[in-house]
Every structure is written in structure tokens, then in C-alpha cells.
Amino acid sequence: MLKIENLHATVDGKEVLKGLTLEIKAGEVHAIMGPNGSGKSTLSYVLAGRSGYEVTQGTVIYKGKDLLAMAPEERAREGVFLAFQYPVEIPGVAGTTFLKAAYNAIRKHRGEKELDAMQFLKLLREKQALVGMKDDMVRRAVNSGFSGGEKKRFEMLQMALLEPSLAILDETDSGLDIDALRVVSENINRLRKPDVAMLVITHYQRLLDLVVPDIVHVLAGGRIVKTGDKSLALELERTGYAGIGTQAA
Amino acid sequence: MASRKAIAAPFPFLDTDARAWPGMPELTEARRHSLSRFRAEALPSTRVEAWKYTNLAALARIPFTAPRPSAGDGEAAQAAVRAVPSDRRRLVFVNGRFHAASSITGTAPQGSFVGGLTQALQQAPDLIKPHLAHLTSLDGDALMALNTAFMIDGAALLIGRGQTAEPVELIQVGHAGEAPIAFHPRHLIVVEAGATATLVETRTGEGIYWSNAVTTVVLGEGATLHHHVIQQSSLDAFDLARVQVIADANATYDGSLLGTGAALSRHEVEGLLEGRNVTCRLRGAFLARGTQIADVTTVIDHGERDGQSEQLIRGVLDGKAHGVFQGRIVVRPAAQKTDARQNSNMLMLSDGAEADTKPELEISADDVKCSHGATVGELSDAELFYLQARGIDPDTARRLLVSGFLATVFETVSDDSVRERAAAAVEGWFAS
């Protein structure tokens, strides 16, 4: 599904990713853990195509295509979804308007008929039920005045609606209370299917108790320094990053 | 006349001498005075502070003539009526002249009048006479004098004490043929004590014309006027509109503007809050591209205590467009406990566009809250990326963000149809 090789990327002229290599197969859930500044968010932005994140070396192949050659919206239409660590507030743009534009853009790309307002609202209601978001919340301007937990629920609503084949979750669990964490983990687990791959970026073990990863990577200094199974996350919880030789990076 | 504060403006229509107004010697007199005053002062140049950013030199070069009724007027009126999605009462004007055949005035209750101003002077002189001074006033600048000298008609909306009037649509069409024309609508809106009215203005048109409009709004004690303007004038037109609001105690003026039209537009609101506890809300949004000039100028004059004024003005500027916001807040010594807020935000979509904002506070009372904020910025990369990351192409993303930026201005408008029409006008701007 996703094959990253020797990825180097700079932000503001500073190299943050320094030869990252990673492969995620369809159906797998990979977790990436790592200390602050190790390049976790840079990786998610590079994969989603944010400007200002310049790839200087390496390749990213997604479903057999060169992901880095695609515009951000093309990546999304091809099934890449980034759940933002800091979802962006968009004043004046109703959530429903935004979601319908996104959903129909993706349908159109797939050669499917766009949904009209009624059909779309019906579908949206079903998805809202999955994440526990009421109508008045989705009618409000996107993320405007939302609490941290509400923003993350809204990210999960988008993910449930857009049904990506590669979901990248950038610290979606940070700052969540236990209820919101449950909603997030349920939605990630619901998306877990043989044809979907996931990259879960997190600081903490607690999400990984609820979303059990197939493979855990430790990112430090812009590279993967250790890879293991779910027990690696537990080991990190005990020893901290210092205990697993991240200093070597 | 040789002053650098003036631009000579030898318009041909000036020679169609200001007419006498039959049965209204005060008006006839005011017109004569106003005409000689305009001849003496001419148009304000950018050396006049109030016109510092908006240059009327291009206007002064056009040989405007007076409009004549033409065969196409009815069709133009009908087209404008069809474009307004409303079955409300309507007053339709073509080139400043009341078009009765396209209008629906309904029957106004005792003490009220809805129709054309000339009609009102003939049919309801008793209702107009108490407010005649507003039509004959020699105050104001040269453009106001020009309006007084050449006004022939306008809307008359007179709502009697305590009445709640059904909303009225004011549909104005500019319809110029080969020759550029100038007309000078004069609207009189009187909402007596305790009454409530809603006026929704739509301005559209074709060809080169100059609409030099003056609207006088008189609000009695506790009266409310909702006054919304959707300005989609011809892109070759000059659309100058001045709204004067005179408000008594506990009155509310609730205004909005959405402007996309005209080569040069100026929406000027002068709010004289003469009574206690007056509320004045001004919202303005304009979109301009090409070489359009869009100017919103406001003066809110708090004369008495406990008044509230709130202004939110937003402009979207693309191409080489020039956006102007000048906002002056005056708080007189008696106007303690005034709460005056003003915000303007300009969104620049191109490097070639230009924005000028000038907030001014003149505060002579010590126990007041006054604030102003002005920003000039671009679309946020973070917002654009968020939309793109959900599959939305950059053009659609920009359109959504601009629509959202302006929709915020209309959030507090209670009339759903106005919000919808404002949104449709923004959509229309993108589509054109």
C-alpha cells in the first residue's frame, strides 16, 4: 500500500527527515512513536502534501504510484487521509458545506455520481451517529469554537465519511478525555479492513491499548531507529525513548 | 473653482436647469441654491480628506447627460424584478424614475405611505411635509448638493407610529444606452415611534451611468429599520450612495451592504444617533476585481448616552482592485456609556490589489467603550491545505474560504432571504 524509501525532507531549510524507510501493507496498522521533534508530524505533512515541507531525497510509492508527484487534493481523492493533530478552524464555512464538497470531490474522482443535499445529509447522519456528533455541531463553521475533543471527533467524522484506504492519524489521541479517546479508537478499529492501511502516530501507549498495532516503529532524529511488534510500545512505556538506543540516531 | 480640492466637472446635464418643483417652493428654492453651490464647488478631489483614497477624476471626464424615458425601460425593469427572488411589495426605479407598472405598493394603513417620492408629495403631502426639511437641507457636500439640485424621484417609505410594516423591496435599475447618463435618486424613509420596517435594496444595471443617491432615514423613538443593500450595478457604472440616519431615543438602525458591481462604488453611511440608547449596526461586504474601486465610508456620531454601534466591514480584492474603508466614530460629551465597535478586514487575493483603511475615533466623553481593529491579509495557507487535504481542489477551496469570510458578516442578519441573497451574490461573483 505505502512504501517509503530513504525519505529526506526539510522544513525552513532544516533537514527533519533523514532517510526514513517504511513499508505498510494493506490491512496493517503501524504505530509510530518517538520523542518531540523526531519528525513525526513532518512525516504526516509530507505524506499529505503540505507546502513548505520539501522532499530532498527518497521516494514514496502509494498503491504503485508516486505519491510525492500528486497535489494534496489528488492524494486525498486517491484515498489518503490525514487526521490533523491541530484541526484548522474555518470561520464562516458550515461543516456540512465542507463535508459535502469533500465527499463529492472524492466521488467525482472515482467516477461516481455526486450526492444531492438530501442524499448527503442522510449519509452524514449515519456517520454522525458513529462519532456522536449532533446536527448543530456539523452545521456550525468548521472547527470554530470546538473544544479539543470536538475537533478530534470531527476529524473522525471526516474519516468515517471519506473512508480512506490510507489513514494517517497524527496524535489524534493527544489531549482527549477517556470518552473521546474511546470514540477515536472505535472509529479507527471500524476502519480496519483488509484493504486499508493505517499509520498511527502517537506519544502514548494508551491509544495502543485500544487500537492494537501490527507493527510499532520508533522514530528518532528523522529516521526509524527500531521496529517491533506491539510489545515494543509497552517496552517504550517502561523504559522511555532513552532506553532503546534512540541516542544512536 | 481653481482650488486643488476640486475637480472641474462640466457635465452636460448641468445645463438642463434645475427644475421648479410645482407646489413646493421650498424645494424649488433648495434646488437653485444647490445647483449654484455645485457649480461653485465641483467634485471633491483626493485633497479632500473624505475623498483621500477614492479618486473621482475618471467620473469627471465622462459627458453624463440626463436620462430620458426610453422604450426599453419596461423590459429592464421586468428583468430586474425577475432577478429578485421575492414576492414582497416592491418599488421599482429605472434610471432614478419610479416605474409604477413594475411596482407593487399594496395598500398602506392610515398614517403610512409606500411608493415613489414624487407620488408621495402629490398624494400624501401631510405625511411628507413634516420631513421636508430633510429634502431641502443645504448641508452636506457637493455631491449631496448635486443630488438636491437634480433629484426627481426616489422611494418614499413612511411607516406610521407603532406599525410593523411588511418588508419592502427597492429595486433600482440603471439602463444607459449609447450616451452615459446620470441620475440622482432621493429616498426618504421615515419610521415613526415604535414602528418597525424592513427595506431591501437591489441595484443592477447596464451601460455607463452614474447613480448619485441620497437616502434619508428618520427613526422615531423606539423605531427599528432593517436596511439591506445588494449592489450589483453595471461594471461600467459609478454607484455613489449616501445614507443619512437620524435616530431618536431607543431606535435601531440595522444595516448591511453586499457590493460586487460598479467600476467605482461608494457606500457612505452617516449615523446621527441623536437620542439615548440608540443601536446602530453596520455590516459591509464587497468583492472587487479588475480595476474596480469599492469604498465604504462611515461616520457614526454618538450624540447621547447609552448608545451602541457595531461595524463589521470586509472586502475581498482581486486583480488590481482598490478597496477603501474609512470609519469615523464620534462620541459627543453627552454620550456617556457609549459602546462603539468597529472592525474592518481586507482579504487580498492578488499582489496587484490595493487596500486603504482609515479608522478614526473622536471621543469627547470619558466613560465609554470604543474599539477598532483593521486587518489586511491573505488567505490562510493552513486553511487552504486543510480543505485540499480533504480532496477539495484549490479553486473551490479559495471560493469556500472567501464565501466563509464574507458569510461571517451576515451571520447576525435576521432576514434569511437577505443572507441567502448575499451568499448567492458572492457565488455569482465567482461565476462571472
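The model is a predicted one, so local features need pLDDT of at least 70, side-chain atom pairs count only at pLDDT 80 or more, and totals for chains, interfaces and linings use all residues. Residues are numbered from 1 along each chain as its sequence is written, chains are lettered from A and ligands numbered from 1 in the order in which they are written, and side-chain values use heavy atoms, with hydrogens and water left out.

**Where chain B meets chain A**

- On the chain B side, 18 residues are in contact with 32 residues of chain A, contact being heavy atoms within 4.5 Å.
- About 1,900 Å² is buried between the two chains, and carbon and sulfur atoms give 69% of that. Buried area here is the accessible area (1.4 Å probe) that two parts lose on being put together, summed over both.
- Within chain B, the residues that lose the most area to chain A are F385(B), Y386(B) and R390(B), together 43% of what that side buries.
- There's one salt bridge between the chains, and R390(B) forms a salt bridge with E155(A), with the closest N and O atoms 2.8 Å apart. The term means a side-chain nitrogen of Lys or Arg within 4 Å of a carboxyl oxygen of Asp or Glu.
- Eight residue pairs are in polar contact between the chains, both residues at pLDDT 80 or more. A polar contact is a pair of N or O atoms within 3.5 Å; within protein, one must be able to donate a hydrogen and the other to accept it, and residues adjacent in sequence count only if both atoms are side-chain atoms.
- Two elements of chain B, α8 (381–388) and α9 (394–410), each give two or more residues to the side that touches chain A. The largest share, seven residues, comes from α9(B).
- Sorted by class, that side of chain B has 11 nonpolar, four polar and three charged residues. Ala, Val, Leu, Ile, Met, Phe, Trp, Tyr, Cys and Pro count as nonpolar, Asp, Glu, Lys and Arg as charged, and the others, Gly among them, as polar.

**Strand β13 of chain B**

- Helices (H or I, at least four residues) and strands (E, at least two) are DSSP runs, numbered from the N terminus.
- In strand β13 (residues 238–247), 10 of the 10 residues are buried, so the strand is largely enclosed by the rest of the structure. Buried means under 20% relative accessible area, exposed over 50%, and partly exposed in between (1.4 Å probe, protein chains only).
- F238(B), L240(B), R242(B), Q244(B) and I246(B) point one way from β13(B), while D239(B), A241(B), V243(B), V245(B) and A247(B) point the other way.
- Strand β11 (residues 209–219) of chain B runs parallel to β13(B), joined by 10 bridges; S211(B) has D239(B) as its bridge partner there.
- β13(B) also pairs in the parallel sense with strand β15 (residues 264–273) over 10 bridges, and R242(B) has E268(B) as its partner in β15(B). Strands pair if DSSP finds at least two bridges between them.

**Two residues to look up**

- H109(A) is found in helix α3 (residues 95–109) of chain A and is partly exposed, at 38% relative accessible area. Its side chain makes a polar contact with the side chain of E78(A) at 3.0 Å.
- S112(B) lies in the loop between β4 (97–98) and β5 (113–116) of chain B and counts as buried at 8% relative accessibility. The side chain of S112(B) reaches the backbone nitrogen of G160(B) at 2.9 Å.
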